[in-house]
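Trainee: I am new to this structure and would like to go through it in short questions. Please show it first.

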Amino acid sequence: MWQYFMPTKVYFGEKCIERGIEALRSLGKRALILTGRRSSKENGSLDDLTRALSQIGIEWELFDDVEENPTFALVRNIVSEYRDGSFDFVIGLGGGSPMDTAKAIAVLLKNPTLNVEDLYDASRYNEALPICAIPTTAGTGSEVTQYSVLTDDAGFKKGFSHPALTFPKIAFLDARYTLNLSEALTRSTGLDALCHAVEGFLSRRATVLSDLYAKESIRLIAENLPRVLKDPTDLRARENMLLASCLAGMVISQTSTTIAHALGYPLTTFKGIRHGEATAAFLDVIVEQAMIEVPEKVDFVRSVLGDVAKFLEYVGLNVRVPINDEELMLWTSRAKNAPHVQWTRGNFTEELIRYLYERVKLH
Ligand SMILES: [Fe+2]
């Protein structure tokens with residue numbers, strides 16, 4: 001048996017905010033916009049959004065200080081600042097960070113007695129403000145998933161989700177906003193999308209439908225990630241990457257991510273490696289380990305990407321960080337006990353996990 005549930009209404013294409021803005025009327029009259037400090041102003045998305053909102057008479061307030069890898073502390077600050085704002089809905093505009101923050105804020109503004117830790121127990125809430133998501137990177141797929149990843153007070157990344165409430169109601173995907181992404185961000189977000197597609201494809205929770213999306217996503221990334229890295233202004237290739245990222249998001253909305261994500265988290269929070277690269281550093285082994293259980297799927301991945309490690313190197317992946325013995329021990333045990341392991345094919349023993357961290361260790 002399999003099921004499929006992905007309740008986000010997606011608008012895709014040039015000027016889709018302007019053309020689809022009427023849809024936001026159904027979410028209410030007053031919006032809180034969450035975005036980062038710079039990018040949404042530089043790529044034109046914030047102007048397009050606020051202009052369109054004003055045209056249809058939706059009031060908005062702006063919080064434009066969402067940092068990369070949002071923390072519990074940030075969420076607490078936003079809640080205390082906007083608690084009395086009587087917002088009808090929340091808009092996350094930017095990369096994964098503003099969108100994931102929007103999911104947390106949507107739940108907490110609707111449930112004033114809860115605190116950020118309570119997000120991790122979905123049985124504690126059955127209402128949330130509706131969410132609109134507007135990605136300006138091509139990678140996280142957060143616009144079509146129920147997941148939000150926050151960094152806890154101890155510095156560890158932890159995902160929460162609600163099976164229905166934390167899916168955005170509406171997503172606008174306009175690739176023009178990704179045209180001025182830096183090479184580094186293009187690479188890391190593109191690699192994140194690739195990880196979602198490949199991890200989801202090889203996950204024990206994959207379904208016939210998620211596989212359709214995953215295969216198309218892997219194909220699109222194999223062709224278009226090298227293209228956008230070579231020519232960042234190639235709008236068609238940027239569109240293909242944004243589509244690939246969205247498809248990969250739809251995949252993990254069904255399958256969740258696997259151990260590559262769990263392995264990568266400490267490299268991001270403690271060593272500053274961008275999420276996509278931190279995750280992709282382990283992707284070749286995810287593929288290798290799946291060989292015994294699903295050889296035909298591994299064959300597909302290799303027929304599209306070629307040798308996975310070589311493809312990653314070709315697009316410029318190179319992760320090396322200093323890791324001390326204490327970190328090695330702690331991270332290994334956290335990854336071994338992460339919920340992701342149960343969906344990951346193969347046998348990720350403690351020895352293998354330790355070896356994988358040794359592999360990215362700067363000697
Ligand atoms: Fe990811």
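**Questions and answers**

Mentor: Over residues 7–174 the chain is 27% helix and 24% strand, and the end C-alpha atoms are 19 Å apart. Helices (H or I, at least four residues) and strands (E, at least two) are DSSP runs, numbered from the N terminus. This is a predicted model, in which local features need pLDDT of at least 70, side-chain atom pairs count only at pLDDT 80 or more, and totals for chains, interfaces and linings use all residues. Residues are numbered from 1 along each chain as its sequence is written, and side-chain values use heavy atoms, with hydrogens and water left out.

Trainee: Which UniProt annotation covers residues 7–174?

Mentor: The annotation comes from an unreviewed UniProt entry. UniProt positions are given in the numbering used here, feature names are shortened, and annotations may be inferred rather than shown by experiment. For residues 7–174 the entry gives "domain: Alcohol dehydrogenase iron-type/glycerol dehydrogenase GldA".

Trainee: In what order do the six strands of the open sheet lie?

Mentor: Two strands pair if DSSP finds at least two bridges between them. Strand 1 (9–12) and strand 3 (59–63) have a single partner strand each, so one side of each is left without a neighbour in the sheet. Neighbouring strands of this sheet are turned by 20° against each other on average, direction ignored. The pairing is parallel, and the order is 1-8-5-4-2-3.

Trainee: Is strand 2 enclosed or open, and why?

Mentor: Buried means under 20% relative accessible area, exposed over 50%, and partly exposed in between (1.4 Å probe, protein chains only). In a regular strand the side chains alternate between the two faces of the sheet. On one side of strand 2, Arg30, Leu32 and Leu34 are buried, and on the other Ala31, Ile33 and Thr35 are buried. Because six of its six residues are buried, strand 2 is largely enclosed by the rest of the structure.

Trainee: Which residue of strand 4 is the bridge partner of Thr35?

Mentor: Strand 2 is joined to strand 3 by five bridges in a parallel run, and there Ile33 stands opposite Leu62. Strand 2 also pairs with strand 4 (residues 89–94) in the parallel sense over five bridges. In strand 4 the partner of Thr35 is Leu93.

Trainee: At about what angle does helix 8 run to strand 1?

Mentor: Axes are lines fitted to C-alpha atoms, for helices over the stretch in contact (heavy atoms within 4.5 Å). Angles run from 0 to 180 degrees between N-to-C directions. Helix 4 (residues 72–82) lies across strand 2 (30–35) and strand 3, at about 145° to strand 3. Helix 8 lies across strand 1, strand 5 and strand 8, and its angle to strand 1 is about 170°.

Trainee: Is Thr258 buried or exposed?

Mentor: Thr258 sits in the loop between helix 8 (235–255) and helix 9 (259–271). Leaving out residues up to four places away in sequence, Thr258 touches Glu199, Ser203, Ile286, His340, Trp343 and Thr344. With a relative accessible area of 2%, Thr258 is buried.

Trainee: How many of the eight residues of helix 11 are buried?

Mentor: The buried residues of helix 11 (283–290) pack against several helices, among them helix 6 (183–202), helix 9 and helix 12 (295–305). They are Leu283, Asp284, Val285, Ile286, Val287 and Ala290.

Trainee: Which helix gives the largest share of the lining of the second largest pocket?

Mentor: On a 1 Å grid over the protein atoms alone, a pocket is an open set of points with protein on both sides within 12 Å along at least five of seven lines, and a cavity is a set where a 1.4 Å probe fits but cannot get out; lining residues have an atom within 4 Å of a point. Grid points are joined across faces, edges and corners, and a volume is the space filled by probe spheres set on the points. The second largest pocket holds about 240 Å³, and its lining includes Asp284, Leu312 and Arg359. The largest share, three residues, comes from helix 13.

Trainee: About how much space lies in the largest cavity?

Mentor: The search of the whole structure finds one cavity of 30 Å³ or more. Helix 6 and helix 8 each supply at least two residues of the lining of the largest cavity. Its space is about 50 Å³.
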